[in-house]
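Here is a short briefing on a few local features of one model. Please read it alongside the sequence and the coordinates.

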Amino acid sequence: MPQRDEDDYEPVFKKSQWGTNRYVYNANNPIGLALIIISCVVFAVFMYLIQARKGPFEPPKQTPWSPSINENPTYPWDEPDHDTPTTDATSSADATPSADVAPSAGLTPSGGESPSAAP
């Protein structure tokens, strides 16, 4: 292994001079200088991606809302084999009035007289 002069050798990391036990990149070493530049470039790229909301910081695409199967139950009147409910006063076409029930006095559902009930 070749011997190095102590004056030419610069470590990649050196102790911080801020009074802590941390190590920092050494700009006097070519590898340390490259690490400083790469760190700054990576930081700048990530800040741009965050600001522009691109890459991993892109918000998910919004899908149109649709109810789940539990929120959209099937009702009996939605099925085609069932009759649709009506708003008519009669219950069905084949039903006949029974003899026990007195005929109506000719009133319409709104409470007025029907034209056929005139005396």
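Arg53 is exposed, because its relative accessible area is 55% and the cut-off for exposed is over 50%. The model is predicted.

**Arg53**
- Arg53 sits in the segment after α1.
- The phi of Arg53 is positive, at about 55°.
- Arg53 has this positive phi although it is not a glycine.

**Asn26**
- Asn26 lies in the loop between β2 (23-25) and α1.
- Asn26 has a relative accessible area of 1%, so it counts as buried, a class that needs under 20%.
- Its side chain makes a polar contact with the side chain of Glu10, at 2.9 Å.
- The side chain of Asn26 also reaches the backbone nitrogen of Asn28, at 3.1 Å.
- Leaving aside neighbours within four places in sequence, Asn26 is in contact with Glu10, Pro11, Val12, Phe13 and Lys14, and with Gly32 and Leu33.

**Nonpolar surface patch**
- Ile38, Val42, Phe43, Phe46, Met47, Ile50 and Phe57 make a nonpolar surface patch.
- The patch covers about 640 Å².
- One of its residues, Val42, is found in helix α1, which spans residues 30-52.
- Val42 counts as partly exposed because its relative accessibility is 40%, which lies between the limits of 20% and 50%.

Methods
Residues are numbered from 1 along each chain as its sequence is written. This is a predicted model: local features need pLDDT of at least 70, side-chain atom pairs count only at pLDDT 80 or more; totals for chains, interfaces and linings use all residues. Side-chain values use heavy atoms; hydrogens and water are left out. Patches are made of residues with over 30% relative accessible area and no salt bridge: like charges are joined within 9 Å, nonpolar side chains (Val, Leu, Ile, Met, Phe, Trp, Tyr) within 5 Å. Accessible areas come from the Shrake-Rupley method with a 1.4 Å probe; for residues, only the protein chains shown count as cover. A salt bridge is a side-chain nitrogen of Lys or Arg within 4 Å of a carboxyl oxygen of Asp or Glu. Helices (H or I, at least four residues) and strands (E, at least two) are DSSP runs, numbered from the N terminus. Buried means under 20% relative accessible area, exposed over 50%, partly exposed in between (1.4 Å probe, protein chains only). A polar contact is a pair of N or O atoms within 3.5 Å; within protein, one must be able to donate a hydrogen and the other to accept it, and residues adjacent in sequence count only if both atoms are side-chain atoms. Contact means heavy atoms within 4.5 Å.
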